[in-house]
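Here is a short briefing to read alongside the structure.

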Amino acid sequence: MRDFFPAFIVIIPMTISLLAPLVGRISKVFLRLLTMFGFFLSVIFSAIVLRETLTVGNVYYNFGNWEAPYGIEYVIDPLGATIAVMVSFIALLIVIYSREFFKDEGWLKNAAYYSLFGLMVTGLLGMTVSGDAFNLYVFLEISSLSTYALIALGGPRGTVAAFKYLLIGTVGASLYLFSVAYLYGITGTLNFADMSERILPLMDSPAMILIVILLFLGLGIKMALFPLHMWLPDAHSYAPYPLSAFMSGVLIKVPAYVMIRYYFFIFDVNHAVLQNVLQIAGILAAIGIVYGSVMAIAQTEFKRMLAYSSVAGIGYVVMGMSMGNAYGMIGAVFHIFNHAFMKVALFFIAGGIKQKFDHIKIDEFKGLLKKMPVSMYSFLILAFSMIGLPPTAGFFSKWYLVNGALQEGLWFFIVVIVVSSVLNAVYFFRIIEFAFLNKEEKERKCKIQSRFELPLSMLMPIVVMTLLVLALGIFNADFVSAILTSVVPEVIK
Amino acid sequence: MDVTVSILPYLFVLPPLIAAILIMITGNRNPDVREFWTILAGIINFGLVFYVYRRILDGQILESVHFTIVPNVSFFLKIDTTGMIFAGVASLLWIVTSFYSIGYMRAANKINQTGYFASFAMCIFAALGISFAGNLFTLFIFYEVLTIATYPLVIHNREQEHIEAGRKYLAYTLITGQIFLVGIIWLYHLTGTTDFVAGGFIQNVDNPTPFIMIFLLMVIGASAKAGLIPLHGWLPAAMVAPTPVSALLHAVAVVKAGAFVLVRIIGYVFGFDLLASLGVIDYLAWAAAFTIIIASVIAMRQDNLKRRLAFSTIGQLSYIILGLALINEQAFMGALFHIVAHAFMKITLFFCAGAIFINTGYKYISQIHGIGKQMPITMAMFGIASLGISGMPFTVGFISKWNLALGAIAGGNYLYIFVLIASAMLSASYLVTVFVLAFYNKNEEFTEFREVRKDILIPILITGAMSIILGIFPDAGPHFYELAIRSAEIVANGTGG
Amino acid sequence: MINFLSTLIYGLIVVMFLLGFYGIMTKNNLIKKLIAMNIMQISIIFFFITLGLKLDATIPVELPGVVNVDAYINPLPHALMLTAIVVSLSTTGVALALMIRIKNFLNTIEEDEILRRMEE
């Protein structure tokens with residue numbers, strides 16, 4: 001039974017999403033309960049697998065009992081397992097949070113939403129556990145296709161944004177597939193473990209340059225790395241709120257994980273080709289951090305501001321990766337988690353404000369503290385974390401990243417990190433000023449009635465996420481030494 | 001030096017934090033409750049100062065348990081002589097200011113008092129944390145907490161002017177805070193530790209350049225809060241805050257935190273010998289001397305009383321910085337004691353300014369000529385504190401400045417003595433004149449005013465009296481003078497943990 | 001000759017990919033964009049198939065008496081490409097569905113027109 005756990009991580013959400021239309025026809029309540037239960041199981045199984053990877057080592061599972069490298073193999077290393085835990089946990093919270101957004105819709109829309117969401121999570125979880133390059137492509141497309149459809153739930157603008165994302169996303173996936181074809185052409189295998197052995201003598205071949213660049217471009221589009229982020233602002237701001245949260249928090253992080261996996265675990269990262277590409281990636285990430293923050297300042301809509309700040313967030317991850325040392329890698333992975341929690345919670349709060357008062361623009365938030373104290377104090381903590389004030393998690397991302405940059409003598413990065421903290425302060429304190437300091441100008445119309453400031457299904461995820469950000473900050477030493485030190489690849493230890 | 005593991009550091013730091021939380025929770029229901037929490041926490045801290053200082057004077061160091069916060073770096077608090085000085089001043093003045101605040105805020109009938117008292121307690125929490133921080137990392141955490149906790153106080157009245165002052169304050173402190181952080185991480189990267197050691201923990205300096213850079217980064221980070229020109233811009237702007245805030249925070253907790261961080265950097269991170277060999281310390285001394293003169297000149301031209309006091313604060317803080325930058329035992333001791341001396345004097349001045357404002361509604365010096373007849377006690381205290389600031393004997397200001405001057409002579413820096421004397425003259429001219437004009441002129445319009453209400457007057461009397469008592473018996477109360485001597489000795493000789 | 005041909009094929013594949021990419025970027029009509037996207041995807045399918053090419057070999061079904069591996073072509077690229085075709089097909093399906101909705105909402109599938117109408 002235990003041997004099947006890796007497969008369960010993927011199979012359970014998939015089953016759920018296939019059952020969803022049937023169950024949804026019967027009852028919306030059952031549908032939600034079923035999805036929640038499914039993701040809850042996913043969290044449990046990925047947590048068990050994570051434990052196993054930490055104590056025993058990598059976990060393997062051969063699909064259909066075909067031995068690797070002939071069959072499709074699932075390989076879960078500690079990094080993949082932690083990402084899987086994060087993905088399934090956030091998915092669970094998103095399902096809880098989604099209730100208010102879809103409860104007035106018909107059964108079909110509900111069923112479609114939960115089913116597609118399940119598929120999206122299946123794809124992302126698949127990407128974290130798959131040990132096969134082509135299988136990873138299929139999972140990538142599963143998650144992307146369901147995302148396109150889900151974004152279209154956000155009305156006309158959402159549909160146009162979805163179409164735009166579909167075109168760009170397909171280019172990204174095609175570029176990834178192109179590089180997989182090349183890899184297969186030169187190594188003759190698709191299995192990661194096998195490939196990592198066979199690729200070493202081939203690192204000098206000219207094809208390697210093309211492979212690394214194609215991978216970079218393909219995954220760069222998927223994770224919205226500057227300047228390949230064109231799709232992100234529209235897709236994030238016009239998608240339904242729970243989905244924006246998931247996209248910003250998780251969807252753009254998993255490709256970053258895939259990139260780490262290729263560059264650091266499969267290829268020889270110390271080779272000149274990779275070093276050059278990583279250097280370029282680092283510079284792009286630095287520009288992206290500043291660009292995303294500046295664009296975020298220029299926005300008037302809260303959600304769009306958060307979307308641009310995601311561009312900056314992914315910049316941190318890539319920057320840490322590009323440093324190529326243990327501190328940078330810990331910083332990058334830590335920021336994957338940290339940014340996921342922060343952004344999901346911020347989008348949750350944005351959605352709460354939208355549902356309750358129908359506010360979208362920042363200058364409508366005047367005096368919101370009186371009406372939504374819990375959300376606003378959560379927002380305060382999250383904003384501090386985004387700025388990077390101790391002892392929130394954001395500060396520690398910065399700590400690791402600056403340490404990594406110092407180790408390599410990359411002054412440029414340090415300047416960028418400092419500048420970005422300041423820019424973050426500018427756009428978050430603007431909201432803090434509106435919400436905390438300004439007086440309410442006119443009576444607000446409340447769209448939903450509930451005992452607390454928001455229905456519990458929305459308030460609970462916000463509070464949980466905020467507490468997680470705090471906990472991640474205060475207990476980061478335990479988190480880092482228990483998990484993250486074992487995700488650092490051997491080559492850069 | 002014997003290091004004792006104890007929970008006292010946490011006990012010391014926690015009451016304000018708990019008070020802040022309790023005020024936030026219960027404050028909106030009943031104003032008396034939130035004042036009760038403030039006073040209660042203040043009394044606890046007051047008692048702790050007297051309970052702890054003996055043990056510190058006896059050479060003990062009380063260290064809390066370590067709590068690993070990032071791998072290899074722990075969060076811990078440590079009560080030593082130097083920390084005791086700042087914490088003692090902050091605690092003693094907190095309780096006085098609390099009484100004053102209660103009177104002031106009731107008289108002024110201000111809004112948002114819950115947030116006010118809670119932020120106030122948070123600021124004290126941060127100031128205590130800064131004084132007891134055992135390493136740079138812990139110190140930085142509290143330093144940033146202080147930045148954020150002061151912000152609600154600056155923007156207290158929620159009008160456009162305040163919000164702009166708040167932005168300015170954040171811009172100065174957050175940016176320099178980030179620069180400070182880079183310095184800390186760089187130092188950690190080079191030395192592998194950030195734990196304070198008296199006399200400096202940096203050893204084996206092969207290549208001085210990075211250490212010079214680190215020193216400059218850290219000085220930028222610390223001196224923005226200490227109001228060193230050209231990083232002083234936020235301080236006069238922040239004077240729009242209610243007077244008790246200006247009094248405690250912009251004369252004691254926040255700006256002194258900046259100065260205290262410099263104490264730690266110079267005495268406990270780099271140490272005198274290393275700084276002397278690096279050769280950067282002179283720049284800091286020049287900047288401080290420059291600030292002393294310029295701030296005094298600017299102060300003379302201010303008509304707004306609080307702004308004049310703000311520039312006086314900027315100048316006086318640079319005394320501390322100058323004393324530290326002279327890197328010798330005597331000057332270091334003078335600088336440490338000036339933290340105490342200036343705190344008592346400047347808080348008296350601010351209290352008086354607040355009393356005048358509450359009574360008359362006037363903010364400008366030109367408006368209050370002749371007020372001395374109606375408010376004799378207040379203005380008398382103002383006079384004592386002004387004389388103290390300009391270094392009159394038998395006031396506390398004299399003792400610290402005397403030691404600073406001795407330190408300057410010991411270092412052979414006669415230029416700095418000239419600066420000290422010039423500045424004393426200037427302070428006399430811009431502060432004592434206020435006092436003189438208040439009694440010399442007559443103003444018939446003022447007949448309606450009377451002495452300020454008692455709950456405001458008593459704190460003024462206490463701090464004013466302390467300014468004299470400490471001037472005559474510098475060891476009165478928790479032996480600040482002896483603590484300063486002890487710290488300077490330890491730092492100069494590099495003994496002890 | 002074989003060398004030249006295979007180089008030519010790879011060159012054509014790259015040209016095809018870039019053509020598709022060019023179409024996606026420049027065409028105004030969403031249907032044309034979609035066609036360009038398909039062209040681009042198919043170029044990669046060609047690429048995979050070409051990788052599996054082997055001269056003088058037969059389909060990978062075991063013939064009696066022929067045990068030499070060289071006699072069979074590699075079936076894996078073809079199998080993979082079946083999956084890729086399915087993916088491409090479903091992408092097209094989703095894209096068409098989105099397009100129908102855009103047409104319903106905005107009554108056009110010209111990009112500049114869409115942007116103009118969304119402004120209103």
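In helix H3(A), the residues Met86(A), Val87(A), Ile90(A), Ala91(A), Ile94(A) and Tyr97(A) meet Pro242(A), Ala245(A), Phe246(A), Gly249(A) and Val250(A) of H11(A); contact here means heavy atoms within 4.5 Å. This is a predicted model, in which local features need pLDDT of at least 70 and side-chain atom pairs count only at pLDDT 80 or more, while totals for chains, interfaces and linings use all residues. Residues are numbered from 1 along each chain as its sequence is written, chains are lettered from A and ligands numbered from 1 in the order in which they are written, and side-chain values use heavy atoms, with hydrogens and water left out.

**H3 and H11 of chain A**

- By class, the contact of H3(A) with H11(A) has 10 nonpolar, 1 polar and no charged residues (Ala, Val, Leu, Ile, Met, Phe, Trp, Tyr, Cys and Pro count as nonpolar, Asp, Glu, Lys and Arg as charged, and the others, Gly among them, as polar).
- The axes of H3(A) (residues 78-97) and H11(A) (residues 241-251) come within 10 Å and cross at roughly 165°; axes are lines fitted to C-alpha atoms, for helices over the stretch in contact, with angles from 0 to 180 degrees between N-to-C directions.
- Helices are DSSP runs (H or I, at least four residues), numbered from the N terminus.
- H3(A) is therefore roughly antiparallel to H11(A) (angles over 145 degrees).
- The crossing of H3(A) and H11(A) is right-handed, meaning that the near helix is turned clockwise from the far one by less than a right angle.

**H18 and H19 of chain A**

- The axes of H18(A) (residues 393-408) and H19(A) (residues 411-437) come within 8 Å and cross at roughly 160°.
- That angle makes H18(A) roughly antiparallel to H19(A).
- Lys398(A), Leu401(A), Val402(A), Ala405(A) and Leu406(A) of H18(A) make the contact with Trp411(A), Phe413(A), Ile414(A), Ile417(A) and Ser421(A) of H19(A).
- Sorted by class, this contact has 8 nonpolar, 1 polar and 1 charged residues.

**Phe439 of chain B**

- Phe439(B) is found in helix H16 (residues 414-440) of chain B.
- Phe439(B) counts as partly exposed because its relative accessibility is 31% (buried is under 20%, exposed over 50%, partly exposed in between, with a 1.4 Å probe and protein chains only).
- Beyond four places away in sequence, Phe439(B) touches Gly372(B), Lys373(B), Pro376(B), Met379(B) and Ala380(B).

**Cysteines**

- Cys123(B) counts as buried, at 0% relative accessibility.
- Cys352(B) is also buried, at 0%.

Notes: Helix = DSSP H or I, 4+ residues; strand = E, 2+ residues; numbered from the N terminus. Parallel < 35°, antiparallel > 145°, perpendicular 65-115°, else oblique.
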